[in-house]
Amino acid sequence: MNQKIRVFSGNSNRSLAESICANLGLPLGKANVKTFSDGEVMVEIGENVRGRDTYVVQSTCAPTNNNLMELLIMMDALKRASAATITAVIPYYGYARQDRKVAPRTPITSKLVADLITTAGADRVVTVDLHAGQIQGFFNIPVDNLYAAPVILEHLKQRFPENSIVMVSPDAGGTERARAFAKRLGCTLAVIDKRRTGPNVAEVMHLIGDVTDKTAIILDDMIDTAGTLTQAARALKEHGAKTIYACATHGVLSGPAIERINNSDIEAVVITDTVPLGDKEQQTSKVKVLSVANLLAEAIRRIHEDESVSSLFV
């Protein structure tokens, strides 16, 4: 790979960034990212980036505000060091759920974050499975919203070669995603009608579709507190599902998520490494992590070499 390209990472996705660099045949860029005792973030780029195409890999996951500030400050440091281009590679885009006004006098925080990223110096954004596709329109710079579907589909095809499976959307909003997976796997589709009674609180109403004596695979873009997921699993079990699995791109797994998954009827949960698990990996044997490093490395290579990225949008 051309040495004109440099990949840097903050503290949230260092292992993913190292895997991306291994795929590109490059060393991870030298950057000292630390936090002062009062909470201020300080970044020092440890190599010459003048005239180079730079990529900053950083998910804005928990601690969300700290990781966001790391990303912004790293981009500002690269801009002031005369980098030719700066691409923010954000595997998990935090604040994506605040994409519209759902009540009077509330912010649209995902738009605010988009403005901050652009102001900090980003020339382009690469992300994976945005919670709301319209967030791409919040930026006045190019945004490549990649999908982890190829990575998850490959795993499902190897794990479930038989056709006695049913893809399940845990809510009406995810029906299109589940239908696309069902089409590629040649299986049936079911949808759970869910109504929220408050933030992070979900109530399952009823099931649309047949899951009796089948392997049900719940598909979502993210798993946060796992309330939706475990209630969906309970509903599927009550409707006669033989075994239950779950797949999601972003394993946020905050609050009681691990405990809920461990105590649920779900056999296994497949997520990707867009959000690092940290010590949560030791708390459960039900979670399997797939890597999106190949996907992001290929996107970076194509962007750098001015090739089409559209074939990655499946």
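This is a predicted model: local features need pLDDT of at least 70, side-chain atom pairs count only at pLDDT 80 or more; totals for chains, interfaces and linings use all residues.
Me: Where does D171 lie?
Reply: D171 sits in a loop. Strand 8 (165-169) is on one side and helix 5 (175-185) on the other.

Me: Which residues does D171 touch, leaving out those up to four places away in sequence?
Reply: D171 touches V191, I192 and K194. Contact here means heavy atoms within 4.5 Å.

Me: Why is H131 called partly exposed?
Reply: Its relative accessible area is 35%. Buried needs under 20%, and exposed needs over 50%. The value for H131 lies in between, so the label is partly exposed.

Me: Where is H131, and what does H131 touch beyond four places in sequence?
Reply: H131 is in the loop between strand 6 and strand 7. H131 touches A96, R97, D221 and M222.

Me: What makes helix 8 largely enclosed by the rest of the structure?
Reply: Helix 8 covers residues 293-304. Nine of its 12 residues are buried, so helix 8 is largely enclosed. The buried ones are A293, L295, L296, A297, A299, I300, R302, I303 and H304.

Me: What do the buried residues of helix 8 pack against?
Reply: Their partners include helix 1 (14-24). Strands are there too, among them strand 1 (5-9), strand 4 (53-57) and strand 5 (85-90). Strand 6 (124-128) and strand 7 (143-146) also take part.

Me: How do you know that the reach of helix 8 is close to the expected span?
Reply: Helix 8 has 12 residues and reaches 16 Å from its first C-alpha to its last. The expected span is 1.5 Å times one less than the number of residues. That gives the expected 16 Å, and the reach of helix 8 is close to it.

Me: Which residue follows helix 8, and what is its phi?
Reply: D306 follows helix 8. The phi of D306 is positive, near 55 degrees.

Me: What does the record place at residues 5-121?
Reply: The unreviewed UniProt entry places "domain: Ribose-phosphate pyrophosphokinase N-terminal" there. Over residues 5-121 the chain is 34% helix and 22% strand. The end C-alpha atoms are 17 Å apart.

Definitions and conventions: Residues are numbered from 1 along each chain as its sequence is written. Side-chain values use heavy atoms; hydrogens and water are left out. UniProt positions are given in the numbering used here, feature names are shortened, and annotations may be inferred rather than shown by experiment. Helices (H or I, at least four residues) and strands (E, at least two) are DSSP runs, numbered from the N terminus. Buried means under 20% relative accessible area, exposed over 50%, partly exposed in between (1.4 Å probe, protein chains only).
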